[in-house]
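Hi everyone, thanks for coming. Let's look at the structure together, and please have it open as I talk.

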Amino acid sequence: IALVARLIYLRWFKMFPPGDMFNFINIAQGIPDGVYPANERRLPFYPFLVLLAHSVLDWEYASLAIAVGASLAALAAIYALGRTLGFSKTALVALLLVLPTHPQVLTATRGYADTTLFALLPVTLLALFRARTWKGATLVGVLCGAMTLTRYEGSTAALVLLPLWFLFPAG
């Protein structure tokens, strides 16, 4: 259902192509040459993912595939997080409430970096609550770094999430 909702929204893509998506594509095209504009305010993780997806897809479709895939991954991570915390019925209800909302679906189909951050947040929380070894700590650190390199809000989220590692002892 979530994928169908996003495919329906994609029909507007040809009518109103998002300008910011093309900015991310320009950044991604410069990464292999080591070019990253000094005055660029956008962070490099999402353009790097677009560059990786471009090895399989055209630039515009690579950007959309990352955004749509991240939005679907966010929904799955929210559900898994709810199950991990013991709220399986609540997690399912929350997932169904988030599924059709206009801002979430529209953002997912515009090729923005927001959806990547929205996916990284619950995945990082999930890793935080599930993994309690040094490998888990490394994974949480890498995910916090990815959030920080995706959007500026990601650094704030990382600053909030990392202390949780110490507040909830292993066990």
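Which residues of α2 are buried? They are Met21, Phe24, Ile25, Ile27, Ala28 and Gly30, where buried means under 20% relative accessible area, exposed over 50%, and partly exposed in between, with a 1.4 Å probe and protein chains only. A word on the source: this is a predicted model, where local features need pLDDT of at least 70, side-chain atom pairs count only at pLDDT 80 or more, and totals for chains, interfaces and linings use all residues. Residues are numbered from 1 along each chain as its sequence is written, and side-chain values use heavy atoms, leaving out hydrogens and water.

Helices here are DSSP runs of H or I with at least four residues, numbered from the N terminus. The cover over the buried residues of α2 includes α3 (45-54) and α4 (59-84).

Now for the cores. A nonpolar core is a set of buried Ala, Val, Leu, Ile, Met, Phe, Trp, Tyr and Cys residues joined through side-chain atoms within 4.5 Å. The largest has 14 residues, and Leu120, Leu128, Val140, Cys144 and Met147 have the most contacts inside it. Two or more residues come from each of α7, α8 (134-148) and α9 (153-167). A second, separate core of 13 residues includes Phe24, Ala28, Val50 and Ala67.

Let's visit two single residues. Threonine 115 sits in helix α7 (residues 114-130) and counts as buried, at 1% relative accessibility. Beyond its neighbours within four places in sequence, threonine 115 is in contact (heavy atoms within 4.5 Å) with Ala67, Ala70, Ser71, Thr107 and Ala108. Leucine 57, in the loop between α3 and α4, is partly exposed, with a relative accessible area of 35%.
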